[in-house]
Structures are given as structure tokens and as C-alpha cells.
Amino acid sequence: MSRLWYSTRTIDIAAPQHSAIDFFRDGPTRPTDTSRPTFTKLPLEVIVQILIHVNIGDIFSIRQACKHLLAQTKSHKVWAGVAARLKDNKDLVWPSWALPVAAIPASTLEDLVVRATRLSSLVNSHDWQIDTREAFEAVIQRPWDSPIWLYLIRGRWLLVQSSDYLLELWDLDAAEYTQPAATYVGLEGFVNGVVLAEGTNGVEITLSTTLFNTYKFAPDLPYRKEVRNFQPALTPIDSFHGYSSVKARKGRLLAFAESNGDPLRACIMDESTRCNVELSFRSQVFECQRTLDICMRDDIFFVARHRNMELYLYNDLRRALEMGGTTDRAVSPFQSFSYPGDLLPYNPQFHSTTPAYFDVPDGSVALAHFYDDDWQAIVVSPQLRSPNPKHRDYKIENVHAIGSAMGPLYAMGTGENGYRCTALCGSRLTLHYGKPRDFEPSPAPGAGFQELGPDRSHTLVSWELPDFKIDLPRPDCIAIDEAVGICVAGMGSGRIWIGDAIPREEPKKFDLVPLPGKTPHPDPRWPLLPPSYFWDTFYPGVLSQSDPIDEVAPGWSTAVDHYWPWRNNPKAYGGLLWFVEHFMGIPGPARSCHFCTKAFFKPSGTLPNLTEYVDVNGRIFRITTNAEWVTVQRLIDGTTIEDVITRLKDSRPRLPIIHDEDWMADYMAIHQHMTWYRRSRHPKS
């Protein structure tokens, strides 16, 4: 009896008298035994076709049982045939980097087939019991406070940027994680976007940074389990300035969410001519919002902003680029619509293809995002069939909840095709699979999408994060390869945890470096850590009712910098600029103009609320903050700080009409900020 490490459990493969495996067994045969066929004497092509169509477990059993067929069970023809047979199965997730299968090494195809089928089996047989693991499969140890950003390539290579701008490339197939396979020290700014282009000559990596620099690399990167000589040097083959937050690539066209030094100017750039065309907002759309993601699908560019989605014609952009796109040239969308209800997409990502579990027309796109702790997908579909995109009448079909986090959400990463995601939530790194749940189709304004059935998080695996009472997750340090089942998360301590849903038979051995008794910096991109917050010690001096200075109205002061000196500092973690960019999704400049002094005079033991009016790019917002949460309200367009002061003097503070009740853009930043605050500034709150 032989054992096969293949399915969700160990499979016993017996050798009955007339089994198919028995036909392939070696060994002498009695001369009188004429009932036993000798399949090893069949033509090679026939054997290959048999191996392609038998169960995957039988291939490994044949490999063990018949030495004459060992080479065939490892051949490229066999595994390319098996992959071609299985990859179109709607229950199987196949990565785009492993296409076409004819170009992928046999060892890689074998690994992918085994992993894809095992993960599919785990999902199909999932009974809502979570595989909770107390240990990760591996860890990469970097210096304290160093990880800033990471990204998985081909399920094997991990790109990591540290707080000193160093770019590292790690080989996850290596026996030990002692040093990176390659490094690059010339990055200017923090990475805020990456796109890959798989080709016959390898993979091309395009990175963009916060300082509007773009770099292109073409390292020699073998596939998973591919064994050959290689030199994966991180040497740029091209670089240019003026573009940031790269989102998508189609041929020679690159899509950027920011360009020409403007964080609101999304554009399409022709890489060969360096001409670009702006993706302008449609009229009557609130323009002070970032571009979150861009998807190039056939003849349409889908652009997700914070408040609405816009559709642009490829032909319009192509014609504008052929005319020589400049900073003055812009193309308007042919269709634009708002998200349903009061929905704001958090950390959204377009899928490369629309997941098969959505029953939607061809040409539909899906935008994944998290709403509070729910993993959701916004599905946009054409209502009419027409060769002219303008006549298809695209609409949001539905907002599907397809999974949920298991506690406060700090970071999330979604697979390219939307079948699985990973999340840093609570004290865990989790792997979820997507599956629609029943929701009310049209929620009332402000009500959200209420689930009709029981809560199902669709969590396959959960890894416990060691030392979580000290360590802090990093917002952009999370990655997943949904087809391979590998999840990666970076922590402030420098630990980069690697979870494998299909663990090795013998996990990597590693020794953890003990952590010092302090909390890491929550985000080195914002280096200043305020010594206190208003709910701890807003102003250390003795105060009375007559003390507040610079009062412009009863109970309202403009002396923000006197009482709250770090609030308007552009480098402060938790400062207004950080708050505006991370929570609200609006770029600066931003300044707190005046606040309610009643926060000074709360009874002893009571945590105060603070209300302030802030100016963000000429638009006025009212922000109310306490130790647990924050609410943001946008005042009607055209309202000025002077208007607010006049109404406050008249005791009519509510007269400025509120345009939006909720302007939160990223709950994950709130969760991380509050966790750091509780640990390092006010642990008893």
C-alpha cells in the first residue's frame, strides 16, 4: 500500500487485483499469467494521454509503482495536458502568470495543479470550521520598524520596501531566509503602485512612488519549483518622473491615479511616446476625490473614485494620445454613476476577470472592497448588447457580500481574480474564499446592506500573530497569491510572516528574535509621533472658563496651534493631513481652523469630544473626534470659514448645510491608529 500527499487528507491507495495502477507495476510476470496487460509497451503518446486523463492522485501512485514511467509522470506534456484540462473548471483558480500553460515548466505546473485542486477541494468541502494554526510556515526577519510595502510575484518572489527606501527581492523557494536574492538602493519615495507584464522573456515590473517617480525592472525570475541557474538582479531598465500610483497596464499604455504632481489627476500614458491624457471628472461630480483603481477591459476603461465610477472609451483615449497628449488634454467619461446608498469603497481593487460565482453578463466587471468588516464586490454589467459601448447602458447590478473579517481590520489583500483574499484582523492573519451571500437588493439610505442569512466569514485558514500585544501590523504590508494559497503580512517589528494554506510536509525551521518591550512605530511615512492627544492631555496648563484665547465666537477658538501644536503638522501620525489623506481619501493641503473649547471643561474622568472645522483644498468639513471614533461631515459647496464663524457668532452652527453625513474612506487606518493609541499612549482607555 502506498501513500499520496495530495488531497485534503492522506489518501490510501490500495492495489486491488485488477486496479489500473496494477497494470503499470514493475516486476516479473509469470509466463502463464496472460491476463495482465503490459501498458508500458504502449506507444508513448497513448501513455501520455492516459496520464492526462486519470485522477491526479493516480499519477503520483504510478510514479511510485513504475520506474519505467517515472519520467513520463514528470513530463511537460503530461502536466501541460492536465493543466489545460483543469484550468477552465469554474471551481479551480488558475493564476494569470501561469499562462499559456505551454510556456510554464513541468515542475511549476505540477505544483500549481496540486495546490489548485487541493484549495478547490477545501473550499467545496468547507463546513464553516476554521483551520486555526498557532504557527506560521515561515518568517523573514527584517530590522525594527523597517517594512513599509510588499508584493508577491509568481507565488514565489516577494518584493519588500523598507523605511529607508531599500527595495529587496526574496525567494520564498529558498531553503533559508537569511538574505534577499537582490536589492536596489535607488528608489526615491515610497512605493504606492505596481503592475506586472508577463511575457515570453520573463516578467516586467513597473513600480511607482509617492514622489512621482516610476521605475521598470526586468529581473530573471524562475517560476515556483523551477530549478535552473538564475541571477535576479534588481537593475532598472527604465525610469521617468511625473507619474504616481500606477494602477493598470494594457500593451504600451499605463494607467496612473496621479500625475504631473497632482494627486487628483488620473491619466493614461503611452509608454513609447510618453504622451498622456487626463481622465477628467464628469460635470457635477465632487472633484476633490482620489482615483482608487483603474481597470482596462476590452474597449472600456473603468475608473473607481471614492464617490462614483466612471467609464471611458478606449478609442477616445487612443485618438487623444495619437494627437500628442499633453497636460492640457483631457477626455471625459461617456458614463458615470454613484455607488448605491451611502456606500464608500474602502481599499478597492478591480478583478482581472469577473469571478465565475457571479451570474452576470459577459463584459461585466467586479470591484472588490471592504465595507466595515465585510468583503464585498460591486458588480457593474451592461444592460444591452451592442458593439457600441455607449449603447450598452452599464449599471451596478448588485453589491455582493462574499466574506467578512474576524475582528478589527488593519489591512487586506484581494486575489487578482477575486476568489480569495487575506486580511489582518484582530490578532490573526486570515485566508478567506469568496462566495456570495443573500442581501437586500436596495438598502435604504444610511442603512447599509443588511444580510438576510447567518453571518458567514468564509474563513479557510487563520494564523495567530505572535506578540500581538506589542507588535503592530503595517497598513500596506499584506499580499496574497490566491491560486497558490500563500499569504504574507509585514509587522512593525520587522517580522514578515508567511502563511501557506497548503503547508510543506516539513515546515521551515526558524528562531524568532525577541521583541523589546515597546510598540513599533505605526507608520514611518509619518515620522512625528505626538506626545499626547486631546483626550489624554489636551493642554497641560491650568484652565478656567476665561482662559481660552483667540475666541472668535462663544466656545470657539482659532488657537489650534497653541493648544494642539501637532494637529497641523504635515509629518504627524494622527495629524490632520494624515487623517484627511488616510480616512477621507482627499489630498492636502489641510488645516484645522477652529475648534470647540468645551473639550477643555469636561468633568473629571470623562473623555471629551472635540469638534473642529477644517479647510481641505478650499472645502470645509466638520470633524468630531473622541477616543473611540470619528465622524466627518462636508459642508455645502461654497461655504467658507468666515461663513461658519458668522453663523457661530449668531448661535446658528447648524446652518451650514451638510452635504454628506459620512465621509470616512478607510476604516483600516482608524483601527490601526486606535490600536497604537491604546497601547502606547493611553492603555487604560
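## Overview

The chain has eleven helices and 39 strands, where helices (H or I, at least four residues) and strands (E, at least two) are DSSP runs numbered from the N terminus. This is a predicted model, in which local features need pLDDT of at least 70 and side-chain atom pairs count only at pLDDT 80 or more, while totals for chains, interfaces and linings use all residues. Residues are numbered from 1 along each chain as its sequence is written, and side-chain values use heavy atoms, with hydrogens and water left out.

Of the 685 residues of the chain, 55% count as buried; buried means under 20% relative accessible area, exposed over 50%, and partly exposed in between, with a 1.4 Å probe and protein chains only.

Let's start with helix α1, residues 44-53, where I47, V48, L51 and I52 are buried. Looking down the axis of α1, its buried residues fall within an arc of 140°, so they line one face of the helix. That arc is taken from the directions from the helix axis to the C-beta atoms. The background is simple: an α-helix has 3.6 residues a turn, so residues three or four places apart point the same way. What do the buried residues of α1 pack against? Their partners are α2 (56-65), α3 (70-73) and α4 (76-86).

α4 also packs with helix α5 (residues 106-124), at an angle of about 35° and with the axes 9 Å apart. Axes here are lines fitted to C-alpha atoms, for helices over the stretch in contact, and angles run from 0 to 180 degrees between N-to-C directions. The α4 and α5 crossing is left-handed, meaning that the near helix is turned anticlockwise from the far one by less than a right angle (clockwise would be right-handed). On the α4 side, H76, W79, A80, V82, A83 and L86 do the meeting, and on the α5 side it's A106, L109, E110, V113 and T117.

## Two open sheets

Now for some strands, which count as paired if DSSP finds at least two bridges between them.

β31 (residues 486-491) and β32 (residues 495-500) are antiparallel and joined by five bridges, with I486 standing opposite D500 in β32.

## Strand β11, covered on both faces

β11 (residues 213-217) is mostly covered, with five of its five residues buried. N213, Y215 and F217 sit on one side, T214 and K216 on the other, and both faces are covered.

β11 has antiparallel partners in β10 (residues 202-209), with four bridges, and in β12 (residues 236-241), with five. S208 stands opposite T214 in β11, while N213 has H241 in β12 as its bridge partner. The hairpin of β10 and β11 has three residues between the strands, and F212 takes a positive phi near 60° there.

## Strand β19, wrapped up too

Why is β19 (residues 308-313) largely enclosed by the rest of the structure? Six of its six residues are buried, so the strand counts as largely enclosed. N308, E310 and Y312 point one way, M309, L311 and L313 the other, and all are buried.

β18 (residues 300-305) runs antiparallel to β19 and is joined to it by five bridges, and the two form a hairpin with two residues between them. V303 has E310 in β19 as its bridge partner. Four bridges also join β19 to β21 (residues 335-338), antiparallel again, and M309 stands opposite F337 in β21.

Methods
Contact means heavy atoms within 4.5 Å.
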